[in-house]
Amino acid sequence: MIRGNAPRLPALVVGSIGLDTVETPFGAVRDVLGGAASFSAVSASFFTDVRMVGVVGEDFPAEHLALFRAREIDLNGVQQQPGATFRWNGYYEYDLNQAHTLATHLNVFEQFRPTVPDAYRDTPYVFLANIDPDLQLAVLEQMSAPKFVMADTMNFWIDGKANRVLEVVKRVDAMTMNDAEARQLCDTSNLVVAGHRLLNLGPRVVIIKKGEHGALLFTQHDYFAAPSFPLEDVKDPTGAGDTFAGGLLGYLAFTNDVSDANIRRAVVYGTVMASYAVEDFSLGRLQTLEPGEVMVRFAEMRRITAMPE
Ligand code: AMP
């Protein structure tokens, strides 16, 4: 974890936990650890104590649970149920910003009705990572007055349940999605218009992720744009957005400061975490990542984004 005297409040993460089969121009992997909650929780665990809610099937390898435990992630909210684990199968062409989905099998997530453990209900920082919006709302309803709730989604849910996604947007403090999803949900090609339309639905903060082109932050009184960290060697962008969001929320929980200025910092920490996620397939690079490396890239981000007077 990033050291310091910060308050370090816990964060709860709910979302998909799954097995991904992915092909990029730089290689292919089969049934590797994936899922929005997996990337987000591991990323957030570099900053704070993380509690996870989700479901895996009986085929979920024990070594993946061990990986979460090695990051001191609390798994009391993760159920193992009869049936198969969530699976996503996708590929990328040379434009790594565009994920092409070949198959999504919700499997045990199809029937999953989350029960947030009593000990989790007062968690102050909550990340509703990408999963069925009905499930995100069911988790939110079980929380007692969280301080800051952020949610993410994707085209799969906007296609199938746009009204429920909009309900999520209305109920959270921060909403994040990628550029194509913001265009689709807001019915505009202009991301500034989309950012403001989403803000008008209720959240205090909207973050639009643009893959290798960075992220845009909209609040009522502020606007900020962070480039992505410049990398020459990108192997697999899967999970970049989740790793970004997990790092961002983890940093907010670590500092217990949701001011606009601190959210800017959090966006840059999220950017740094995402830069490590894409260097290898699955959570490969996040497993070997050291907190000191996070600090080095954060300092580098400061340098490359500074503008002389
Ligand atoms: P990202 O690249 O950050 O947008 O997210 C990639 C992760 O999202 C993969 O590890 C997938 O397992 C997961 N994923 C893909 N489709 C869905 C879906 N419909 N709902 C929840 N998670 C998904």
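# A first look at cores, helix pairs and loops

Let's start with Asn256: at 25% relative accessibility, Asn256 counts as partly exposed (buried is under 20% relative accessible area, exposed over 50%, and partly exposed in between, with a 1.4 Å probe and protein chains only). Keep in mind that this is a predicted model, where local features need pLDDT of at least 70, side-chain atom pairs count only at pLDDT 80 or more, and totals for chains, interfaces and linings use all residues. Residues are numbered from 1 along each chain as its sequence is written, and side-chain values use heavy atoms, leaving out hydrogens and water.

**Loop residues**

- Asn256 sits in the loop between helix 7 and helix 8 (helices are DSSP runs of H or I with at least four residues, strands are E runs of at least two, and both are numbered from the N terminus).
- Phi of Asn256 is near 45 degrees, which is a positive value in a residue other than glycine.
- Ala145 also has a positive phi, near 50 degrees, and is not a glycine.
- You'll find Ala145 in the loop between helix 3 (133-141) and strand 9 (148-152), and with 73% relative accessibility it counts as exposed.
- Ala119 belongs to the loop between strand 7 (100-105) and strand 8 (125-128), and its 56% relative accessibility makes it exposed.
- From Ala119 to Gly77, 42 residues apart along the chain, the C-alpha atoms are separated by 9.7 Å.
- Setting aside neighbours within four places in sequence, Phe229 is in contact with Thr271, Ser275, Arg297, Glu300 and Met301 (contact means heavy atoms within 4.5 Å).
- Phe229 and Ile207 are 22 residues apart along the chain, and their C-alpha atoms are separated by 17 Å.

**Nonpolar cores**

- The largest nonpolar core has 63 residues, and Met52, Phe68, Phe148, Val267 and Leu286 touch the most other members (such a core is a set of buried Ala, Val, Leu, Ile, Met, Phe, Trp, Tyr and Cys residues joined through side-chain atoms within 4.5 Å).
- Helix 8 (residues 260-277) gives this core its largest share, ten residues.
- Apart from that core lies another one of 47 residues, including Val14, Val22, Val108 and Cys186.
- Not counting residues up to four places away in sequence, the residues that Met52 touches include Val13, Ile17, Phe68, Ile73 and Tyr120.

**Helix 1 with helix 7**

- Helix 1 (residues 36-44) packs against helix 7 (residues 240-255) at about 40 degrees, with the axes 7 Å apart (axes are lines fitted to C-alpha atoms, for helices over the stretch in contact, and angles run from 0 to 180 degrees between N-to-C directions).
- Helix 1 and helix 7 are therefore oblique to each other (under 35 degrees is roughly parallel, over 145 roughly antiparallel, 65 to 115 roughly perpendicular, and the rest oblique).
- On the helix 1 side, Ala36, Phe39, Ser40, Ser43 and Ala44 meet Asp242, Thr243, Gly246, Gly247 and Gly250 of helix 7.

**Helix 5 with helix 6**

- Helix 5 (residues 179-186) and helix 6 (residues 191-200) pack at about 65 degrees, their axes 9 Å apart.
- That makes helix 5 roughly perpendicular to helix 6.
- Asp179, Ala182, Arg183, Leu185 and Cys186 of helix 5 make the contact with Leu191, Ala194, Arg197 and Leu198 of helix 6.
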